[in-house]
Amino acid sequence: MPPEPQSDDGRRSVGTTAPGPPASTAGAEDAVRHGHASGPGRSGGRPQEASGPAEPVPAAPERQTTAAEPAGPEPDDQGPPVLVCGSRASTKAWRLPVEPGPHGLAADEATLGGLIVRAASVIGPGHRAHGKPRQDAYRIGRDRTGDHLVIAVADGMSDSTHSDVGAQVAVSALVGTVRTALDAGTPLDRLDPYAAFLSAAGQMIAVSEQRGWDPDEVRAVAIVVVVPARPQAGGRRRVWMAAIADVSAWRLRGDGWEHLIGDEKHGFDASAVARYLPHDPRGAEHGMVELSPTCVLAVTTDGVGDAFATGPQACRWFAERWARPPAVGTFLNQVGFDQIQMHDDRTAVVVWCDDEENHR
């Protein structure tokens, strides 16, 4: 087996950092409706497919204890689960960044109407072992009436010095802009993805200027998704989503995950992207998808999306554990999975449609 690379697996830009011409999104909605993303300007390679059975770390056997003997650690204390093969990077010490940054771990749970939500973001081994901040970010919110769940996920670019700040600003701006439009009565299918990403780009540039940074130092890619809190007739929901680059959305189908939106990886450099914020706010694809009454939707950075795309073993592993909502601590641990050659930050916001159970 070749030596395991010790890089942080972060994304990098390709080409210049100057804004390019607006990208055409013609046909994007049709592509998204059919579960295929065809975002422009993406280069990269699909991650190496892992082999072997995808089994979780086996639980330690039970031990009998006496009053004088303290109980041993619980199985959950064994650390993050291993998908196929553990990574040496995951055993390295967690080092603090030189400057204070985002929390290394973040998690939330929520219910809204018939939706159950789990969200988690975990710094990847490649960043924590080298004292870098978590560059992923997420934000979840709702409109004033509680009719819609709004999700934003962003992934900062590793070759951008303050991309952790850019990612945090981007998700806040995306959720805020979409909430404002929904509160003003804008129908779901009339939401403007360009307005949302332009707002995010403007706020990222403003923050960089306030801190004396070049806007190129806060680059990030992002996705924003709106899910109706209550279904339409027949129990189905029409979901709006828009994304730049390889942050992605997935729908659970049996024991696998159907890719809905976000650039797929092709070519030789899996970490290179050609469109990103704040330089290319018009480079987003967008469209509508439909969720069935018992559907599971996952919105992820490529730290999790790459695992979905790795092969059937990893797909089944997540499908089995996310068929129903786990406890939020368990979910956080699952998002922080261990797998060789996967060192990037991991973020997932997962939504379960569970109207019948929530309205009993």
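**View 1. An open antiparallel sheet of 6 strands in the predicted model.** The 6 strands run in the order β2-β3-β13-β12-β8-β9, and this is a predicted model. Pairing is antiparallel. β2 (105–112) and β9 (256–261) are the edge strands, each pairing on one side only. On average, neighbouring strands of this sheet are turned by 20 degrees against each other, direction ignored. Strands of a sheet pair through backbone hydrogen bonds, either parallel or antiparallel.

**View 2. The β2–β3 hairpin.** β2 and β3 pair in the antiparallel sense over 8 bridges. The two strands form a hairpin, with 2 residues between them. Gly113 sits in the turn and has a positive phi of about 60 degrees. Within the pair, Glu109 has Arg118 of β3 as its bridge partner.

View 3. Ala119 stands opposite Val349 in β13. Helix α7 (residues 328–335) packs on the sheet and touches β2, β3 and β13. The direction of α7 makes about 45 degrees with that of β3.

**View 4. Helix α6 across β8 and β9.** Helix α6 spans residues 312–321. The helix lies across β8 (248–253) and β9. α6 runs at about 95 degrees to β9.

**View 5. Helix α4 and its buried side.** Helix α4 (residues 193–210) has 18 residues. At 1.5 Å a residue, α4 should span 26 Å; its end C-alpha atoms are 26 Å apart, which agrees. The buried residues of α4 are Pro193, Tyr194, Ala196, Phe197, Ala200, Ala201, Met204, Val207 and Ser208. These residues cover an arc of only 165 degrees around the axis, so they fall on the same side of α4. An α-helix has 3.6 residues a turn, so residues three or four places apart point the same way. On the other side of α4, Glu209 and Gln210 are exposed. What covers the buried residues of α4 includes α3 (163–183), β6 (220–228), β7 (237–243) and β11 (285–291).

View 6. Asp192 caps the N-terminal end of α4. One of its side-chain oxygens lies 2.9 Å from the backbone nitrogen of Tyr194. Tyr194 is also among the buried residues of the helix. Gly212 follows α4. The phi of Gly212 is positive, near 75 degrees.

Definitions and conventions
Residues are numbered from 1 along each chain as its sequence is written. This is a predicted model: local features need pLDDT of at least 70, side-chain atom pairs count only at pLDDT 80 or more; totals for chains, interfaces and linings use all residues. Side-chain values use heavy atoms; hydrogens and water are left out. Two strands pair if DSSP finds at least two bridges between them. Helices (H or I, at least four residues) and strands (E, at least two) are DSSP runs, numbered from the N terminus. Axes are lines fitted to C-alpha atoms, for helices over the stretch in contact, and angles run from 0 to 180 degrees between N-to-C directions. Contact means heavy atoms within 4.5 Å. The expected span of a helix is 1.5 Å times one less than its number of residues. Buried means under 20% relative accessible area, exposed over 50%, partly exposed in between (1.4 Å probe, protein chains only). The arc is that of the directions from the helix axis to the C-beta atoms. A polar contact is a pair of N or O atoms within 3.5 Å; within protein, one must be able to donate a hydrogen and the other to accept it, and residues adjacent in sequence count only if both atoms are side-chain atoms.
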